[in-house]
Amino acid sequence: MPARKVPVTVYAEMTPNPDVMKFVSNKVLNPGAPLDYSSSDDSNGCPLAEAVLNFPFVENVFISSNYISVTKNDKIDWDMVVMETRNFISDYLRADKEIIKKEALQPHAIKEDQLKDKDGEKVKFNVASDELDEKIIDALNEFIRPAVENDGGSIDFVEFKEGIVKVALRGACSGCPSSTVTLKQGIEGLLTRMFPEVKEVESVSL
């Protein structure tokens with residue numbers, strides 16, 4: 001007797017960032033590290049992101065394990081397009097179309113992204129140069145990442161230098177009005193308590 005196929009469901013969920021809506025599926029969308037695409041990026045490696053970016057109001061698509069965070073522009077309210085976007089993503093997944101090409105998948109552990117900061121320097125994510133870096137990465141993964149992903153975003157360790165931990169906030173966390181509070185009161189407060197060497201936490205602008 002053939003196994004029953006589980007119906008694909010997708011629901012929309014608001015995030016702390018008013019410009020970002022999180023669309024959650026009961027299907028695994030991305031088995032690897034989160035992928036981030038803006039309208040100016042080459043999204044050929046992720047057919048789902050490429051399709052969603054075709055909407056004129058979409059500026060960014062962020063795909064994590066079982067959800068996709070969509071950033072809209074300020075010319076339209078989510079009330080006008082949230083159902084259209086949800087239905088499009090639902091239909092796409094139900095049609096069993098390709099979500100991410102195999103060669104575009106990024107491993108979860110140590111990954112080197114192609115993103116660059118505002119100075120044009122390539123940004124490495126979650127690469128530890130010593131034992132303290134490893135401990136900071138472990139702390140971020142255990143205590144911070146679950147909450148950040150629940151809000152439709154992600155946090156990645158960039159570097160620790162001269163008492164400053166630099167992290168990259170993406171997805172719904174990028175440009176979120178409350179991200180500064182989260183960064184300083186939440187992340188910085190935790191890391192400074194856990195590690196006397198840490199004096200400050202900054203986010204890297206990508």
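Helix α4 lies across β8, β9 and β10 and runs at about 140° to β10. The model is a predicted one. The points below cover the sheet, the helix and the nonpolar cores.

- Three strands make up an open sheet with mixed pairing, in the order β8-β9-β10.
- β8 and β10 are the edge strands, each pairing on one side only.
- From one strand to the next, the twist averages 30°.
- β9 and β10 run parallel and are joined by 4 bridges; V167 has S203 in β10 as its bridge partner.
- Helix α3 also lies across part of this sheet, over β8 and β9, at about 160° to β8.

**Helix α4**
- The 16 residues of α4 (residues 179-194) should span 22 Å at 1.5 Å a residue, and the 21 Å between its end C-alpha atoms agrees with this.
- A kink of about 35° in α4 is centred on E188.
- E188 is itself buried, as are S179, L183, I187, G189, L190 and L191 of α4.
- The cover over these buried residues includes α3 (131-150), β8 (153-161), β9 (164-171) and β10 (200-203).

**Nonpolar cores**
- The largest nonpolar core has 30 residues, of which F23, I63 and I68 touch the most other members.
- At least two residues of this core come from each of β2 (20-25), β3 (35-38), α1 (47-52), β4 (58-63), β5 (67-72) and α2 (78-94).
- With 6 residues, α2 gives the most to this core.
- Another core, of 21 residues, lies apart from the largest one and includes I137, V165, L190 and L191.

How values were computed. Residues numbered from 1 in each chain as written. Predicted model: local features only at pLDDT ≥ 70, side-chain atom pairs only at ≥ 80, totals over all residues. Heavy atoms only, no water. Core = buried A, V, L, I, M, F, W, Y, C linked by side-chain atoms within 4.5 Å. Buried < 20%, exposed > 50% of the residue type's maximum accessible area, 1.4 Å probe, protein only. Expected span 1.5 Å × (residues − 1). Bend = angle between axes of the 7 residues up to and from the residue. Contact = heavy atoms within 4.5 Å. Pairing = 2+ DSSP bridges. Axes fitted to C-alpha atoms, helices over the stretch in contact; angles between N-to-C directions.
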